[in-house]
Amino acid sequence: RATFDWNNRVEHSFSSLTAFLEAGFANTVGDSQFFLRPFTTLGYNTHFQGGASYDLNRFFSVGASGYEIVPFGQQTVFSKVDGKGPNPSGHGVFEDNQQTSGPADIARDNGFSTWIDATPSRYVDLELGYTRSLQFDLNSVSFTIGMNVGKLYRRYSH
């Protein structure tokens with residue numbers, strides 16, 4: 001099935017601090033930059049996120065944000081876990097069933113993320129992030145490596 005996610009972001013920098021707010025409307029609860037959810041959903045929701053990042057120096061920055069996912073109407077949750085192991089948190093229908101349909105509360109989520117970002121060169125960005133889902137009692141740690149291939153290409157094409 002096709003999904004959509006209409007999202008708006010507003011941010012403003014105050015010297016080394018950049019504050020941001022996001023709001024959106026979707027027909028699925030999507031993964032975030034730091035959190036690959038153990039389930040996917042089908043059903044309408046609004047989602048909000050607010051936070052800030054702070055540049056410590058030219059190479060390092062830190063950030064934190066909070067999020068809220070507010071579904072409405074009928075929701076269907078599709079599990080990405082096999083359900084054969086122990087129930088780790090007991091907080092989500094995705095832990096017991098491959099597919100569950102029900103009221104909006106089965107897809108509701110809120111939590112926070114924090115991260116540290118390192119930029120050792122103009123071409124490479126390293127990011128270590130942590131997300132805590134309060135609703136589902138889940139923790140996620142992620143590490144990403146980003147490369148700006150366009151800048152790298154332009155450097156060697158001249």
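Modeller: Two rings of Phe, Tyr or Trp (for Trp, its six-membered ring) make an aromatic pair if their centres lie within 6.5 Å, and the pair is stacked when the planes are under 30 degrees apart, edge-to-face when they are over 60, and tilted otherwise. By this rule the count here comes to ten aromatic pairs. The model is predicted, so local features need pLDDT of at least 70 and side-chain atom pairs pLDDT 80 or more, while totals for chains, interfaces and linings use all residues. Residues are numbered from 1 along each chain as its sequence is written, and side-chain values use heavy atoms, without hydrogens and water.

Colleague: Why is the pair of Phe 25 and Tyr 44 called stacked?

Modeller: The centres of Phe 25 and Tyr 44 are 5.7 Å apart, with 5° between the planes, so the pair meets both the distance limit and the stacked limit.

Colleague: What makes this pair a tie between parts of the chain?

Modeller: Phe 25 lies in strand β2 and Tyr 44 in the loop between β3 (39-42) and β4, so the pair ties together parts that are 19 residues apart in sequence. Strands here are DSSP runs of E with at least two residues, numbered from the N terminus. Phe 25 and Tyr 44 also belong to one aromatic cluster together with Phe 4 and Phe 72.

Colleague: Why is the pair of Phe 39 and Phe 136 called edge-to-face?

Modeller: The ring centres of Phe 39 and Phe 136 are 5.2 Å apart and the planes stand at 65°, so the angle passes the edge-to-face limit. This pair links distant parts of the chain, since Phe 39 is in strand β3 and Phe 136 is in the loop between β9 and β10 (138-147), 97 residues apart. Phe 39, with a relative accessible area of 1%, is buried, and so is Phe 136, with 2%.

Colleague: What makes Ser 15 exposed?

Modeller: Ser 15 has a relative accessible area of 74%, so it falls in the exposed class. Its place is in the loop between β1 and β2, and its phi is near 60°, a positive value in a residue other than glycine.

Note on methods. Helices (H or I, at least four residues) and strands (E, at least two) are DSSP runs, numbered from the N terminus. Buried means under 20% relative accessible area, exposed over 50%, partly exposed in between (1.4 Å probe, protein chains only).
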